[in-house]
Amino acid sequence: KVIGVFITGYKDKDENICLLDLKSMQKLTGLENKATEISLFFDDIEKTGAFELKTGGILKKHGLEYFTWEQLLGAFVYMIKIGEQFYLIIYLIFITVAVLGIMNTILISVFDRIRDIGTLRSIGFTKNNVTMMLFAEVSLLGLLGAVTGTAFGAGIIYYFSIYGIPIPESSRDLVNFLPATRIYPSFKLDYLLAPAIISTFVPVFSSIYPVVLMRKMKVREALGYL
């Protein structure tokens, strides 16, 4: 007897699954007062592995098996790992483009001020003094840009982590494994730490080549540079 309709939000489950009470299911399968498996839901995905380590020996002693979500969804996990490697490659490409772009900007800036650098050298500044000045300037700009960019990005992620990103109706068939009509990104400070550090040190790394060229130039060449 059908007593109601329960919608999970998962399209593939709602179209192919019928929910029964435990006793009726046990009677239909001839497993009265028995169960073939038990599903455990943790408040943290990382606890699935910890639970296996703590209870693995006990379960084997009673002839039971325990499978984590990674073991049950092997193909899906493999796709996630491939996606992570793909995003890592894209991330490295972006960093390379940023390094080359910043290096070109710093190089132009150094040659625009090469006569000023020559003047400093002529009144007693050493190569190390000028180098430290340039690195200090680039580091300050990198830190300022990293803080500003991270704060702006964190604000965007935090906003969408609360209100979500709507999924258009035209794309619902492609993401039928999602239980809702919105995607909610995870907002964690750990995710912001690495980009902030990289954004701080990329300008410093980009300034190495311009600094090397500057250090090779003699004071007379710098003062006469046009």
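Predicted model: local features only at pLDDT ≥ 70, side-chain atom pairs only at ≥ 80, totals over all residues.
## Handedness of the H7–H8 crossing

A crossing is right-handed if the near helix is turned clockwise from the far one by less than a right angle. By class, the contact of H7 with H8 holds 10 nonpolar and 5 polar residues, and no charged ones.

The axes of H7 and H8 come within 7 Å. They cross at roughly 155 degrees. Angles over 145 degrees count as roughly antiparallel, and H7 and H8 are therefore roughly antiparallel to each other.

## H7 against H9

H7 also packs on H9, at an angle of about 155 degrees and with the axes 11 Å apart. That angle makes H7 roughly antiparallel to H9. The crossing of H7 and H9 is right-handed.

From H7, the residues in contact are Lys127, Asn128, Val130, Thr131, Leu134 and Phe135. From H9, they are Val211, Met214 and Arg215. The contact of H7 with H9 comprises 5 nonpolar, 2 polar and 2 charged residues.

## Phe135

Phe135 lies in helix H7. Is Phe135 buried or partly exposed? Its relative accessibility is 22%, so Phe135 counts as partly exposed; the cut-off for buried is under 20%.

Leaving aside neighbours within four places in sequence, Phe135 touches Val204, Ser207 and Val211. Phe135 and Ile208 are 73 residues apart in sequence. Their C-alpha atoms are 8.8 Å apart in space.

## H5 against H8

H8 spans residues 189–206. H5 and H8 pack at an angle of about 40 degrees, with their axes 8 Å apart. That angle makes H5 oblique to H8. Their crossing is right-handed.

H5 contributes Tyr91, Ile95, Val99, Ile102, Met103 and Ile106. H8 contributes Pro195, Ile198, Val202, Pro203, Phe205 and Ser206. The contact of H5 with H8 has 11 nonpolar residues, 1 polar and no charged.

## The largest nonpolar core

Which residues make up the largest nonpolar core? There are 11 in all: Ile106, Val110, Ile114, Ile117, Val130, Leu134, Val138, Val211, Met214, Met217 and Ala222. Four helices each supply at least two residues of this core: H5 (74–112), H6 (114–122), H7 (127–163) and H9 (208–216). The largest share, 3 residues, comes from H7.

Val110 is one of the core residues. Not counting residues up to four places away in sequence, Val110 touches Ile117, Leu134, Pro210 and Met214. Ile106 belongs to the contact of H5 with H8.

## Leu107

Leu107 sits in helix H5. Its contacts include Tyr209, Pro210 and Leu213, with neighbours within four places in sequence left aside. Pro210 is also touched by Val110. Leu107 and Leu120 are 13 residues apart along the chain. Their C-alpha atoms are separated by 18 Å.

Key
Residues numbered from 1 in each chain as written. Heavy atoms only, no water. Core = buried A, V, L, I, M, F, W, Y, C linked by side-chain atoms within 4.5 Å. Buried < 20%, exposed > 50% of the residue type's maximum accessible area, 1.4 Å probe, protein only. Contact = heavy atoms within 4.5 Å. Axes fitted to C-alpha atoms, helices over the stretch in contact; angles between N-to-C directions. Parallel < 35°, antiparallel > 145°, perpendicular 65-115°, else oblique. Nonpolar A, V, L, I, M, F, W, Y, C, P; charged D, E, K, R; others polar.
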